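Here is a short briefing on one protein model. Look at the structure first, then read the points below.

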Amino acid sequence: MSEAKRSVVILYEHALLGEGIASYLRANSGVEAMVTSAHDLDAVTSALAFGPTVVIFERSDPLRQVDLTALAPHAVLIHVRTVVTRGPSATAATHRLETI
């Protein structure tokens, strides 16, 4: 039995960061990665409706209006700042990039 391919949604404020993470994951983890601007709330809602396994995000002003846990209730949420800076996790539901 083959393992289902994991899907990742990357919600970025800075395009270079979002595309860079997606490129890295596609090349090294073989995941399906969808990249969406955090400034386009309709696109964010649409991307999360697909039920991703993982959501990687930058906490930006537009995303403060969105409850990611409600829109992607089964996804692992990864806040980029905690991975890039190696700072403490924001919540118990936040995991490091290596878990993908």
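Which exposed residues does the face of H1 turned away from its buried side carry? That face carries Leu16, Ala27 and Asn28. Exposed means over 50% relative accessible area, buried under 20%, and partly exposed in between (1.4 Å probe, protein chains only).

This is a predicted model: local features need pLDDT of at least 70, side-chain atom pairs count only at pLDDT 80 or more, and totals for chains, interfaces and linings use all residues. Residues are numbered from 1 along each chain as its sequence is written, and side-chain values use heavy atoms, leaving out hydrogens and water.

**Helix H1**
- Helices (H or I, at least four residues) and strands (E, at least two) are DSSP runs, numbered from the N terminus.
- H1 covers residues 15-29.
- Its 15 residues should span 21 Å at 1.5 Å a residue, and its end C-alpha atoms are 20 Å apart, which agrees. The expected span is 1.5 Å times one less than the number of residues.
- Gly18, Ile21, Ala22 and Leu25 are buried in H1.
- These four cover an arc of only 100° around the axis, so they sit on the same side of H1. The arc is that of the directions from the helix axis to the C-beta atoms.
- Gly30 follows H1, with a positive phi near 65°.

**Nonpolar cores**
- A nonpolar core is a set of buried Ala, Val, Leu, Ile, Met, Phe, Trp, Tyr and Cys residues joined through side-chain atoms within 4.5 Å.
- The largest has 14 residues; Leu11, Leu48, Val55, Phe57, Leu63 and Leu68 touch the most other members.
- Strand S1 (7-12), helix H2 (41-49) and strand S3 (54-57) each give two or more residues to this core.
- H2 gives the largest share, 3 residues.
- Apart from this core lies another, of 13 residues, including Ile21, Val31, Ala33 and Val35.
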